[in-house]
Amino acid sequence: MALPQSVIDVCYFIAALLFILGLKRMSSPRTARGGIVWAGFGMLLAVVATLLLPDMHNRGLIIAAVLIGVTAAWWSGRRVAMTAMPQMVALYNGMGGGAAAAIGASELVAHVVPAMDAVTVGALSPVALALGVLGALIGSVSFSGSSIAFAKLQGWLDRRFVFPGQQVVNLLVLAAAVGLGIVLASGHITLPLVVGFFIAALLFGILMTLPIGGADMPVVISLYNAFTGLAVAFEGYVLQNEAMIIAGMVVGAAGTLLTQLMAKAMNRSIGNVLFGSFGAAATGAAAQAIGGSQKPVEAADAAVMMAYAERVVIVPGYGMAVAQAQHKVWEFAQLLIARGVKVKFAIHPVAGRMPGHMNVLLAEAGVPYDLIVDMEDINPEFPVTDVAVVIGANDVVNPVAKTDPSSPIYGMPILDVADARQVIVVKRGKGTGFAGIENALFYADNARMLYGDGQSVAGQLVSQLKTLDA
Amino acid sequence: MLDGFLALYIFMLAAFTGYEIIARVPVILHTPLMSGSNFIHGIVLVGAMIALGHAHTPFELAIGFIGVLLGAGNAAGGYVVTERMLEMFKSSKPGQGGKESK
């Protein structure tokens with residue numbers, strides 16, 4: 001069974017429209033949920049229409065591959081914990097890049113000409129060939145790079161991997177990939193060249209991602225997301241498929257802008273993320289010495305401090321999410337609210353592993369989003385806050401970012417929790433944060449350390465509050 | 001069919017569209033949006049299906065099959081993850097939540 005091309009063109013048009021409208025709806029909290037459903041319908045329509053294209057072969061094979069891919073991804077996406085969302089986005093994004101690269105590869109392989117005669121390819125225009133090669137290059141980098149990002153966030157790989165002369169090696173591999181790509185694009189398509197091109201492109205994605213530290217990973221994932229969008233658009237041109245061009249290009253542009261916004265929120269430039277070695281400065285330059293000592297506090301005392309406070313601001317970090325403490329923390333906050341304490345949650349733009357990640361995790365626990373306040377809005381309120389509770393956050397509340405120019409996080413905007421009358425820091429142990437930087441806040445006079453796993457500490461605070469009420 | 005310049009116009013206008021849609025987005029939605037745009041480039045599945053649908057040699061079939069597999073994973077996984085994230089947007093004040101607004 002097949003549909004006429006005109007019907008299919010209409011389906012693609014509607015799909016492209018639904019993608020754009022869906023993305024537009026997703027950019028406002030009130031309509032976001034409908035947005036993904038709209039886009040989902042667009043996707044379904046485009047896939048069904050493609051299956052019914054007039055000159056399609058291997059339909060059984062196509063349906064089998066779609067079913068396997070959809071089932072595996074659906075199953076994994078359903079059961080993964082919310083904390084693991086960033087690496088899942090990386091994984092699915094990498095798959096998209098890989099698919100784009102596969103399209104490029106199949107086009108190239110179909111146009112392999114004998115090595116001897118260097119005739120230009122008949123069926124593909126020079127522009128289509130060039131864009132096809134470029135899309136394959138970008139898609140391959142996105143595929144292997146995203147896979148490394150996934151492995152890192154999943155904890156399968158050491159956080160950073162550096163060796164001397166790394167930049168030079170990376171540059172050489174990139175040059176090899178681009179060089180082979182140019183040869184292919186000029187019409188000299190042979191199998192060894194195609195294979196060499198893909199190996200170089202995949203290798204570059206791996207090498208480029210390995211030295212990047214975990215803290216910068218969200219920016220990198222977002223960048224690869226934009227890459228995949230571009231690759232899809234270019235391969236769409238090769239296949240003369242407008243839906244792919246439009247959807248890919250929209251994502252390419254949106255993803256680039258998102259990447260810039262994220263990098264800005266972390267006070268880092270994209271170039272700095274990709275080529276600067278984060279953390280190296282901390283070990284090299286002598287960081288300012290931090291005086292004083294960490295002063296511990298018991299859960300009972302902490303609970304009393306907060307129970308009789310007027311304003312409490314809770315600053316959650318990724319550590320809270322790892323400990324799965326968000327539900328207990330919200331239960332605790334509700335008890336405080338019931339006592340008449342004004343409770344707010346303060347979120348740093350890069351709290352969690354991605355901007356907005358912490359909002360999602362708190363929302364999962366049932367925290368209404370009007371209690372969640374952004375950094376710019378909460379910072380002026382810290383001086384009138386009685387108790388600021390830092391749970392599993394570290395670098396985003398480190399005053400060193402303001403005071404020590406030699407620190408790698410110097411200049412990063414932070415939550416000014418140190419301005420609060422009292423600060424309680426819930427922390428597993430005395431170690432440093434994700435960026436490996438000593439935190440001056442923990443040694444401040446008004447800071448008290450409440451050691452323990454986030455979940456059990458929150459549980460203790462809840463039971464202490466309940467005994468106060470009884 | 002698409003000649004060079006027509007395609008160039010599509011590229012340009014689509015890029016502006018993407019830029020404008022994202023330009024004024026609250027931080028709270030950055031992660032869901034990244035995930036949502038990740039889903040939308042799952043349209044690559046369509047291209048992979050076309051590639052597999054025109055494959056002849058076993059090698060081409062294998063590449064096409066892998067492409068469709070990966071593309072389907074991108075589309076389905078992107079959808080599930082985005083939907084799960086957006087499911088959680090609720091407000092304590094009635095009338096503002098995601099459910100009430102269609």
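A:R78 and B:E83 join their side chains in a salt bridge, with 3.2 Å from N to O; the term covers a side-chain nitrogen of Lys or Arg within 4 Å of a carboxyl oxygen of Asp or Glu. The pair runs from helix α3 (residues 59-79) of chain A to helix α4 of chain B, helices being DSSP runs of H or I with at least four residues and strands runs of E with at least two, numbered from the N terminus. This is a predicted model, in which local features need pLDDT of at least 70 and side-chain atom pairs count only at pLDDT 80 or more, while totals for chains, interfaces and linings use all residues. Residues are numbered from 1 along each chain as its sequence is written, chains are lettered from A in the order in which they are written, and side-chain values use heavy atoms, without hydrogens and water.

**Charged and polar pairs**
- Over all chains, the search of the whole structure finds six salt bridges.
- The interface of chain B and chain A has one salt bridge by this rule.
- Between these chains, 15 residue pairs are in polar contact, both residues being at pLDDT 80 or more; such a contact is a pair of N or O atoms within 3.5 Å, where within protein one must be able to donate a hydrogen and the other to accept it, and residues adjacent in sequence count only if both atoms are side-chain atoms.

**Contact between the chains**
- Chain A gives 102 residues to the contact and chain B gives 82 residues, contact meaning heavy atoms within 4.5 Å.
- About 8,600 Å² is buried between chain B and chain A, 77% of it on carbon and sulfur atoms; this is the accessible area (1.4 Å probe) that the two parts lose on being put together, summed over both.

**Regions of chain B**
- UniProt, in an unreviewed entry, lists residues 6-27, 39-55 and 61-81 of chain B as "transmembrane region"; such annotations may be inferred rather than shown by experiment.
- Residues 6-27 of chain B are 82% helix and 0% strand, with end C-alpha atoms 35 Å apart.
- Residues 39-55 of chain B are 71% helix and 0% strand, and their end C-alpha atoms lie 26 Å apart.
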